[in-house]
Amino acid sequence: MNNTAKTPSGKLLDNSKGKNTHLLEGYDGQDITVECFQLKEILSIMGLKPIMGSFQVVAEDLSRIARKNPPWTAKYIHSAYFQYPACRPSPRLSRAINALWQRVKGEFPGIAGSVYSRILAAPYQVPDGTFVPVTARVIKCHNPGCSVRFIQTNPAQLYHDPICKIQWKKIRRRKGVL
Ligand SMILES: [Zn+2]
């Protein structure tokens with residue numbers, strides 16, 4: 001047993017003190033289930049907070065992996081996450097959690113070399129660590145004097161906001177350009 005590190009190794013503990021082979025030593029030294037440990041890591045790596053909306057996302061991914069239809073519910077994943085004793089994950093869910101955990105710990109194609117950039121967005125619209133594909137076109141707003149750069153949501157979009165388009169039209173009209 002590793003007594004030096006406080007963080008879990010992801011390996012099963014030896015069984016010197018207990019009979020529960022599905023238990024791991026958690027971050028705080030408390031025993032946690034393998035599923036709970038893996039779900040915590042999955043949420044953390046995916047940048048998700050332990051809220052129902054996140055469990056919905058994970059439930060959908062897990063169901064996709066296990067080809068489960070109807071999908072598992074967010075509530076069920078939530079129960080596994082918080083280790084509700086009455087709600088032990090089924091073997092099928094355990095396998096799916098393990099598979100998803102392996103996947104999120106792996107490398108994702110196209111991500112290598114990308115860096116964090118600070119962006120402006122409406123609250124909660126763009127979660128931290130959201131990947132912007134290299135094909136996304138970043139342009140400066142076509143309203144002269146507006147310094148906003150933005151990711152186009154369609155190729156015809158030239159202004160970061162409709163108001164900028166109207167403003168620039170008014171200015172041109174005033175100058176007699178139009
Ligand atoms: Zn603008």
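Which residues does Ile97 touch, not counting residues up to four places away in sequence? They are Glu35, Gln38, Leu39, Leu62 and Pro89. Welcome to this predicted model, a protein whose secondary structure comes to 5 helices and 4 strands.

**Overall layout**

- The protein has 178 residues, and 16% of them count as buried.
- Taking contacts between residues at least 6 apart in sequence, 33% join residues at least 24 apart.

- The average pLDDT of the protein is 83, and 81% of the residues score at least 70.
- Confidence is highest in strand 3 (residues 138-140), with a mean of 97, and lowest in strand 1 (residues 23-25), with a mean of 63.
- Residues 1-21 have a pLDDT below 50, and this stretch has 18 contacts in the model beyond near neighbours in sequence.
- A word of care for such places: where pLDDT is low, the predicted coordinates should not be read in detail.

**The largest nonpolar core**

- This core holds 18 residues, and those touching the most other members are Leu39, Val58, Leu62, Ile77 and Ile97.
- At least two residues of the core come from each of helix 1, helix 2 (52-66), helix 3 (74-81) and helix 4 (91-105).
- Two of these core residues, Leu39 and Leu62, are also among the residues that Ile97 touches.

**Helix 1**

- Helix 1 covers residues 34-45, and its 12 residues should span 16 Å at 1.5 Å a residue; the C-alpha atoms at its ends are 16 Å apart, so expectation and model agree.
- Its buried residues are Glu35, Cys36, Phe37, Gln38, Leu39, Ile42 and Leu43.
- After helix 1 comes Gly47, which has a positive phi, near 70°.

**Where helix 2 meets helix 4**

- The axes of helix 2 and helix 4 lie 9 Å apart, and the two helices pack at an angle of about 105°.
- Angles of 65 to 115 degrees count as roughly perpendicular, so helix 2 is roughly perpendicular to helix 4.
- On the helix 2 side, the contact is made by Asp61, Leu62, Ile65 and Ala66.
- On the helix 4 side, Arg92, Leu93, Ala96, Ile97, Ala99 and Leu100 take part.

Conventions
Residues numbered from 1 in each chain as written. Predicted model: local features only at pLDDT ≥ 70, side-chain atom pairs only at ≥ 80, totals over all residues. Expected span 1.5 Å × (residues − 1). Buried ≥ 20, exposed ≤ 12 C-beta atoms within 10 Å, placed from the backbone. Core = buried A, V, L, I, M, F, W, Y, C linked by C-beta atoms within 7 Å. Contact = placed C-beta atoms within 7 Å. pLDDT = per-residue confidence, 0-100. Axes fitted to C-alpha atoms, helices over the stretch in contact; angles between N-to-C directions. Parallel < 35°, antiparallel > 145°, perpendicular 65-115°, else oblique.
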